[in-house]
Number of protein chains: 2
Amino acid sequence: MLETAELGRTLDKAQYKEALPALRRTLLDLQFQLRDTDRTIILILEGLDNATKGEVANVLNDWLDTRGVEFHAFGPKSDEELERPRFWRYWRALPGRGRIGIFHSSWYTGTLVQYALGQIDDDTFDRHMQRISRFERMLAHDGAVFVKLWLHRSEKHQKTYLKQLDHEPNARWMVSKLDHTLHASYHRLVAGAERAMRHTDHREAPWTAIEAADHRYRNLMAGEHLRAALAGESLVDVSKVHREHHHTDGTILDKLDLDQKLSKKDYRQAIDEKLLTLNKLSWQAYHAGVSLSLVFEGWDAAGKGGAIRRIMRGIDARVAQVIQIAAPNDEERAHHYLWRFWRHVPRAGRVTIYDRSWYGRVLVERVEGLTPEHRWHEAYAEINDFEEQQVEHGVVVLKFWLHIDPETQLRRFNKRLETSYKHYKLTNEDWRNRDKWPTYAEAVEEMISRTSTDIAPWHLIAANDKRYTRIRVLEIVCEALKARLHDQAHKERHKHKSALNGDE
Amino acid sequence: MLETAELGRTLDKAQYKEALPALRRTLLDLQFQLRDTDRTIILILEGLDNATKGEVANVLNDWLDTRGVEFHAFGPKSDEELERPRFWRYWRALPGRGRIGIFHSSWYTGTLVQYALGQIDDDTFDRHMQRISRFERMLAHDGAVFVKLWLHRSEKHQKTYLKQLDHEPNARWMVSKLDHTLHASYHRLVAGAERAMRHTDHREAPWTAIEAADHRYRNLMAGEHLRAALAGESLVDVSKVHREHHHTDGTILDKLDLDQKLSKKDYRQAIDEKLLTLNKLSWQAYHAGVSLSLVFEGWDAAGKGGAIRRIMRGIDARVAQVIQIAAPNDEERAHHYLWRFWRHVPRAGRVTIYDRSWYGRVLVERVEGLTPEHRWHEAYAEINDFEEQQVEHGVVVLKFWLHIDPETQLRRFNKRLETSYKHYKLTNEDWRNRDKWPTYAEAVEEMISRTSTDIAPWHLIAANDKRYTRIRVLEIVCEALKARLHDQAHKERHKHKSALNGDE
């Protein structure tokens, strides 16, 4: 999820100065309107360290009418707080209707820190998240509007940042010992943040990760998210704002180096070797009971079919199936949209390859307006849960987004027109989709930022060159299988036993 | 929760025969209408044994057009099922739109059995319930209408029932070894059922406990609940149906023996002793850090104030506070309805007594239409969660419903009119409430059945006689404190340590 917040986005001084006056005016206007409503804004700042959260809180304080804002932070518990249930301190701090509460630390903080430091395990963590989920939903039903921001930096950036603060006499006090300790557990802290987002990213209280390395970009984005919440804007509106401020630096897709290529010679050499490896690994996986779910999404003509066919050459057809996802049939339409995918969850040791997938819910259904926003927004959480259930059961879930630029697509479309036996592959719909490229790009960006989890990450593949695409995909599949089989070797006996007992 | 399903409700043959034709006709009509909708009915039968569930399933099968119904049960997992994530088998079995699925066992069964047999602990149980909650909500948002029935018998009845079946050659096959094993763990099975209900009783998928001892009553109620779901009726409508069929046997409140009395002499003797005991216990609790939340609800003029004053005589005013709950003030209205109660959660060792409470949400706010149904219905789950958080923290939560009959109320109202200094205690509102007695009674019945949990049960107190009321309440408070202090004595040192470390 957080790779979309490691792109090196910045705003220069001039851009910042230009955007600021309008934003500040709007914030004040909207805050004034808020006063007479039943709504409460709850803005949560979480992130890697206290200094960054503090800076953002200060900036927001500057921009708002302080009479309607409350700031809260939760340090070690007071005697009073220790003597009452855990949530008492949070209830005490909840702002009233018409007001804005800015939480410099929140009900997430303690659990995230404990998780990062290895003081609590997954089950306890999940239990806390479950309680938080209920708490937030309950407040949302009562009129609370949530803005939950994770202020993010890559590990490298964070290290530099802390070092920098340490060396500035006027800033050193902002860095606590805990910040350094947490940085030493960077990966676990970030894994915890992702886990928290997976369990608590609901329509009623969505998470957003903001790249925090550049203070202007970060401040403006925090302000924009607060503005969107005050204005009651939908996620799609917010995406648009995102895009406006992104276009200087591009999205995660734009960052992908599409020039990656492979010569014919290199390809020939690589493909046979990769297929042999895959074949061996897939049989090993079969015997070890490790199953594989491969999800292919990408632009029209990005080469999904070709990549899938190459994989199938490496795997025995008896243990693999390719599921082509088109518009649902009658029986599928009669069920929940996930039903058709649950049907095909692979048996132990088998492989299911999805040519398009459950992500249609947040791509085509979103862009074409086939599903209302509140339904497809909830789908991010539903999909994360679906994939989590597969991964918990031991399925290796790999997701590929095959990315091309519009020019390459046009070239391939035209080629299909020229080649008579490829005519059938090109429909009017393909041209229509092409016109909606920017809208799709927004949906893809959001899909990646909400569903690329540490347990089932998205692999973004540069697909302008088909040879490169195919080899890269084969590589990733082989690597993932190899890694899992390695882990599995140790656990195999144990697994076998518990499978015989059933898990319920 | 399940005490409302142990009242000995029956229907005689004539009543059953009279009600049946209309119900069956309506069921078929509604089922026919269902076919062309986007809705799916998911009827879950859970309970103490397979035979009862099977009987109900068979009856419903008789009453419905079988072409639109599917029956599902989940025994030991097949090879196919073992090799896939736990929920795969349930997804496979989901009925399509326009159809009815009757689940003779369900996604609850395995977890309930494991819990009853002590094979899984609370955390794992809760984790399963969390997943079920998400699953059901997701389906509900997609058009599924849930009817979740717990077919209940008291321990004694269940024992007789199983014995009876064992002795009938034609019925013996219906009783499995597991049924007997489960009966040996009756209390744990019922505790698991309550725990499941607490965590999964949502507006989108509510639970209902049905008394199953009488087969006619039980069949008719199951049919009525299915009918209500098909008709899209609200909870209030369902309560009405409930009441119609109950009135022959009365509700849990009607079962209460209101004639319980105490002579003046006995009272005088008892009160001093009880107050002394309470005083001693409350100081012990203070030093042990055990806190007490006492909730008083009841009819107007049932004697809540008097009972509370007696308790206060036993407890030092420095460690106790009485919170009178009237209409919320401005600040309270500006927050979630639970906020005002969270404020008063007692510190360690302290006592908070609520004269009326958060239950106003599902009593006055429901009856007077101050809160829409979907909000007060969700409050049952919210309140159970609130109380669970207190209990988890170590607070002893006791809830009293002071029950009188309408005649006693009238007598007391008139007395207040006669006694000049008691005039102020009687308002026009009291008379208005009195007119709504049956509607309130319904709300009270439902409140008890959804929020009387094993961790925070409702105590129904016969309150026609004030002396009896006061002594009985004092007794219950003393017993509960004594029991907790006894447990606490063992854990004290450990508790103290973990309190110092904080729990997050």
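Colleague: Which rotation superposes chain A on chain B, and with how much shift along the axis?

Modeller: A rotation of 180° does it, with 0.0 Å of shift along the axis and an RMSD of 0.0 Å. The two copies are thus related as by a two-fold rotation axis. Keep in mind that this is a predicted model.

Colleague: OK. How many residues does the contact take from each chain?

Modeller: Chain A puts in 47 residues and chain B puts in 46 residues.

Colleague: Which elements of chain A give two or more residues to the side that touches chain B?

Modeller: They're all helices by label: α3 (79–82), α4 (88–93), α5 (109–116), α6 (122–141), α15 (339–342) and α17 (373–393) of chain A.

Colleague: And what's the make-up of that side by class?

Modeller: On the side of chain A that touches chain B you get 20 charged, 15 nonpolar and twelve polar residues.

Colleague: Why do you say the copies meet through the same surface?

Modeller: Because 98% of the interface residues of chain A are also interface residues in chain B.

Colleague: Switching to the inside of one chain. What domains does chain A have?

Modeller: The domain assignment gives domain 1 (2–246) and domain 2 (264–496) in chain A. Taken over C-alpha atoms, the centres of those two domains are 33 Å apart.

Colleague: How many residues of each domain are in contact with the other?

Modeller: In chain A, 14 residues of domain 1 are in contact with 17 residues of domain 2. On the domain 1 side, the elements giving two or more residues are α9 (186–200) and α11 (235–246) of chain A.

Colleague: Which element gives the most there?

Modeller: That's α11(A), with four residues. By class, the side of domain 1 of chain A that touches domain 2 has six charged, four polar and four nonpolar residues.

Colleague: Now the sheet. What's the strand order?

Modeller: It's an open sheet of five strands in chain A, ordered β2-β3-β1-β4-β5, with parallel pairing. The twist averages 20° from one strand to the next.

Colleague: Which strands stand at the edges?

Modeller: β2 (69–72) and β5 (207–211) of chain A. Each has a single partner strand, so one side of each is left without a neighbour in the sheet.

Colleague: How many bridges join β1 to β4 in chain A?

Modeller: Eight, between β1 (residues 40–47) and β4 (residues 144–152) of chain A, and the two strands run parallel.

Colleague: Which residue in β4(A) is the bridge partner of Glu46(A)?

Modeller: Trp150(A) is the bridge partner of Glu46(A).

Note on methods
Residues numbered from 1 in each chain as written. Chains lettered and ligands numbered in written order. Predicted model: local features only at pLDDT ≥ 70, side-chain atom pairs only at ≥ 80, totals over all residues. Domains from an automatic or database assignment. Contact = placed C-beta atoms within 7 Å. Nonpolar A, V, L, I, M, F, W, Y, C, P; charged D, E, K, R; others polar. Least-squares fit on C-alpha atoms with pLDDT ≥ 70 in both. Pairing = 2+ DSSP bridges. Axes fitted to C-alpha atoms, helices over the stretch in contact; angles between N-to-C directions.
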